[in-house]
Amino acid sequence: MAGTPLTELNKPLGQGLTASKGKPWGRWIAFGFAGLVGLVWVSILLLVAIRRDPDGGEPMATARIEQRAAPASALPPGLPVASQTDPAATARPQSSARQLESEAGVTVVRPGSDVPGAIVITIPDNAAAVKLATAPDSRLVERSRFGLLPKIGLDGATPAQVYARPAGPPPAGKVNGRVAILVGGLGISPTGTGDAIAKLPGQVSLAFAPYGAELDRTVQRARGEGHEVFLQLPMEPFDYPDSDPGPHTLLTGPKSADNVERLHWALGRFTGYVGIVNFLGGRLTSDETALTPILRELAGRGLMVVDDGSSARSLLASSAARAQIPALKIDRVVDNVARPEAIDKELAAIEAMARDQGVAVISASALPVSIERIARWVQTLEAKGIVLVPISAARGLRSPKTTGSLR
């Protein structure tokens with residue numbers, strides 16, 4: 001009803017209430033605290049801007065610097081050495097080489113000493129002295145539909161001579177024997193090929209199968225590391241075709257008429273090789289009729305012939321020698337049983353053969369275990385007076401009348 005005063009329940013919310021008359025102390029304190037914090041930050045920024053310390057924020061350390069005596073050679077002329085040196089240092093006796101070896105815990109076995117179960121790591125005095133000739137040599141190649149084939153140069157130079165690893169410095173100590181090593185089966189497995197090139201010393205000769213990609217590049221890498229190289233020719237074994245050496249295998253019987261063409265295909269796969277070595281070939285190497293045209297072709301191209309020693313019936317080396325081809329037969333295959341202890345036993349027998357006969361010629365496959373055991377073994381030879389030589393050099397240590405006897 002108009003004019004009637006409203007009760008407390010009917011009044012609008014927030015209206016008609018009496019305002020508090022207290023002082024705003026809380027707001028003054030908050031404003032003051034905020035101002036103080038701002039002042040602190042401004043002060044810090046001004047301090048950093050004025051000082052401009054380039055090392056601000058970086059960890060720092062203090063080190064004590066001591067002045068050491070200059071070496072006698074660096075002192076001015078006429079200045080007494082005693083005045084610039086530490087008396088305590090001059091009183092210390094100079095250690096001998098053997099004392100230093102003992103303190104370092106390293107045993108150095110010198111040439112001529114016994115090496116019971118030890119491995120001696122030797123560094124050549126002049127590792128860069130032996131460098132192989134560049135391949136291909138334009139005098140020694142001819143073009144064919146199979147690629148570049150080797151040939152004898154107009155000046156009489158042959159691939160067997162030019163591409164062989166040159167003789168290095170003569171041995172420093174007494175020579176108790178020589179060993180030549182041929183590792184074959186390369187060019188197919190990149191890992192095995194790379195390990196053989198990198199882990200075996202340059203005196204070890206390497207044989208490449210005519211299969212695989214980028215053979216020329218891989219062979220040039222091997223030659224760049226000092227390894228002379230050979231080409232492995234796939235030849236017919238007794239159980240062919242159950243055991244198949246691969247495409248373009250040289251065969252006996254009626255199919256032997258195509259052997260020269262197959263031979264040219266293999267010879268054109270890469271360049272820079274000293275000669276050829278048979279891959280398998282028990283049947284072919286025992287058949288002189290089938291061998292004759294192959295050897296005639298190899299003789300006209302100035303190549304060396306190596307018999308891998310895998311067949312007791314092989315006529316390869318003896319027939320090549322009769323054809324006036326430089327030839328050599330492997331004495332022993334060291335990894336017929338591809339176990340570390342078996343290979344080590346064979347290598348120990350090779351040492352005895354080298355001492356007794358003057359030179360031993362061995363072969364192995366590019367198996368990881370073979371490369372690892374041979375790489376360890378060759379490091380011990382110098383201390384035993386046994387010299388490692390390439391296959392081409394080992395031929396010169398044989399009698400020119402036969403490939404089996406020694407001088």
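Colleague: Are Phe208 and Phe270 buried or exposed?

Modeller: First, the basis: this is a predicted model, where local features need pLDDT of at least 70, side-chain atom pairs count only at pLDDT 80 or more, and totals for chains, interfaces and linings use all residues. Residues are numbered from 1 along each chain as its sequence is written, and side-chain values use heavy atoms, with hydrogens and water left out. Buried means under 20% relative accessible area, exposed over 50%, partly exposed in between (1.4 Å probe, protein chains only). Phe208 and Phe270 are both buried.

Colleague: What kind of aromatic pair do Tyr211 and Trp265 form?

Modeller: Rings of Phe, Tyr and Trp (its six-membered ring) pair if their centres lie within 6.5 Å; planes under 30 degrees apart count as stacked, over 60 as edge-to-face and the rest as tilted. Here the centres are 6.0 Å apart and the planes stand at 40 degrees, so the Tyr211 and Trp265 pair is tilted.

Colleague: Which residues form one aromatic cluster?

Modeller: The whole structure holds three aromatic pairs. One of them joins Phe208 and Phe270, with 6.1 Å centre to centre and 70 degrees between the planes, edge-to-face. The cluster consists of Phe208, Phe270 and Tyr273.

Colleague: Which residues of H9 does H7 meet?

Modeller: Helices (H or I, at least four residues) are DSSP runs, numbered from the N terminus. Contact means heavy atoms within 4.5 Å. From H7 come Asn259, Val260, Leu263 and His264; in H9 they meet Ile294, Glu297 and Leu298.

Notes
Helix = DSSP H or I, 4+ residues; strand = E, 2+ residues; numbered from the N terminus.
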